[in-house]
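Hello,

Here is the structure I promised to pass on to you. Have a look at it first, and then read on for some notes about its aromatic rings.

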Amino acid sequence: MAEEQKQITKWGDEEVVELLTPDIEQAEAIQDEFSSQRDTYYSIFRQYHYGNERPGFSQSVAPVVFNNHKWTMANLMSLFNEEFFVLKGEDDERASKFQKLLYYQMFRKQDGFRRFHDLLFNANLYHYCVAKVIYEEDFDLEYDTYERLSSDEMMVLVQQPEITVSKYDEVQDELGGTAFEKVKAVRKVMHYAGPSLKVVPNWEFFYSPDCKITDWGGIDGRLVYQKVRKTLNDVRKAEKSGKYKKGTFEKLKVKGDSVSADPEDKTEILFNSDSVPISDQVSPSTHKDNILSREVEIMECYFRLDIDGDGLLEPVIIDLCDGVVCRIVENEYRHAPFRIGHVAPEPHKVQGYAMPSLLENDQKIATNLLRLIQDSAALDCYKNPVTNDHQMFAMLQERKPFAVIKGDPNKLGEVRTSPPSQFVLKAWELMKGEQEAMTGVTRYNQGQDASSLNKTATGISAIFAASAKPLQLIARILGNGIIMGIIRDFIFINQKWPPQTDIRLLGTDITVNPDDLTGAYDIEIDIGVSAAEKNEQANQMDLLVQFGTQAGIPMGIMTPVHIIKALKKKYKLLGQKVDDLMVTEQEFIQQQQMQQQQAMMQQQMAAQQGPPPGMPPGGPPQGGPPMPPPGPPPMPPQGGMPNGMR
């Protein structure tokens, strides 16, 4: 947090452990079952063999789950890019600045693209994905050493908020006062302070059976916790900074190795799938000087306790490690800072329906058909020769194309075979159509069907529109769920722990001050449409711009600012960024204000100078011809002077 919280001492360690143990045991049982299922889903995704393969026959596995996952990810990642949400507020300028700050924090100060990719990857492959949004500070520590400081100099040093004095020797000076020698000061150089988005691995996330999904992907129940591994060095740092209770390091140091075995899915995903040696199971050196590198398992629990004796439960954060309570503090987020995302949610359940579970049987059927086609083609092409000549039999065992075989050709025959049955090929096509109907990912929207070039434009458009609807539903579920929750958490953290100084967004001329972050804001998420619909909407934007320039602005129902917004929306639909090719709305408004100020100044200067020479003080006479403008008389026409002036 921005300021260190006070530890709650009302509850003892034994009482806290007794309260948490029943829910922890049930949460572990839930995740043990899910871990086994995730292991199976990942094996299907990576196209592992089924175990019934025979040498000499096809061992291919149809990539049904992999293809569906790949194309769904490609479509979803094209929707949730850096311009997928808009903030609305009472003050449009402040809302626009706040929105750009959120983009800056989400995609520039951290790798938001990769984190959204990992979230969508897990959501599309497993029961759910888990995001965690917390306040975090990224800083470096610089150490300064002073040989000797007076008491006044020491007071000035201590009063600086970014400096912490970690070591000093107190001595007396020549006048009998107090001085300080060998002063070591730690300066915190801040790089970033604000909301941080983290992707929680599914094997680290646990919840009690009573938990349920709340608005925008939140989770609420008796206990929600994350199990993470930390070194004893991290524990010591947390204790010295005041985050953990005093004495925590010594209690954990004598505990020994408290790390549990890896779950099935973690081992499969991180090691077995790529034949990587399981090196994290090897304990570090037990040398007495290397104890700080030993790992411990910390349970970061989000629980409810009566911490002030008012008879009501308050949200708290409890860090627990092998029966040792590292900290108990009040939860300033007021809820567990996790957001759960689903591709196919079910009512009243935390977990959703995993896509590999839906496609597992189809992948097995497609695998069997694919192997039949390959084996039939191989038998028809290579044949099975039959001979009673031993010498020819020995040479045929290792035959190669164009190899010379010595033997009697009259003693050679073959087992008659036929090419793959048309029924098998037809079944393969029917299976493809069944997969497209279940997933919504068709060969048309993948651009893989060459025969579609001969279809009518109306039919192809209808196929595109129909195939886009399932993907739009998935995008709406994610956008209104976990994505909306993440943005709301970013807004909450910015308002609860606002920056102390103005923030200049690099690459722009926008400066956000803390006052711009206050107030209520509404979030609009654009989940995107199909390519054909985007082109149609872009054409409509062109018509709107044409109407605005010809009639909208002269009639007063539109302004040039609306034209700028329409053009940006048009090119956003087309996937083009034109922000650096035209002025922003704020710049245009500033230009108008400057022009108005210049016009007012010119009028004031003209009024101070008075009327031009030869004009009566009240201006030209009413009803008479207008006075000629001041200046030289008009030149005579070409051809000479008038007759009266020669």
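Let's begin with Phe-45, which is buried, as its relative accessible area of 7% is under 20%. Please keep in mind throughout that this is a predicted model.

Phe-121 itself is partly exposed, with a relative accessible area of 23%.

A second pair to look at is Phe-85 with Tyr-103. Their ring centres lie 4.6 Å apart with the planes at 40°, so the pair counts as tilted. Phe-85 sits in strand 1 (residues 85–88) and Tyr-103 in helix 3 (residues 92–107), so this contact ties together parts 18 residues apart in sequence. Both of these residues are buried.

You will also find an aromatic cluster, made up of Phe-34, Tyr-128, Phe-205, Tyr-207, Tyr-302 and Phe-338.

Finally, which charged residues sit over a ring? Arg-236 places its charged end over the ring of Phe-249, 4.2 Å from the ring's centre. Lys-496 lies over the face of Trp-497, and here the distance to the ring centre is 5.6 Å.

Enjoy exploring it!

Best wishes

Definitions and conventions: Residues numbered from 1 in each chain as written. Predicted model: local features only at pLDDT ≥ 70, side-chain atom pairs only at ≥ 80, totals over all residues. Heavy atoms only, no water. Buried < 20%, exposed > 50% of the residue type's maximum accessible area, 1.4 Å probe, protein only. Phe/Tyr/Trp six-rings, centres within 6.5 Å; stacked < 30°, edge-to-face > 60°. Helix = DSSP H or I, 4+ residues; strand = E, 2+ residues; numbered from the N terminus. Lys NZ or Arg CZ within 6 Å of the ring centre and 35° of its normal.
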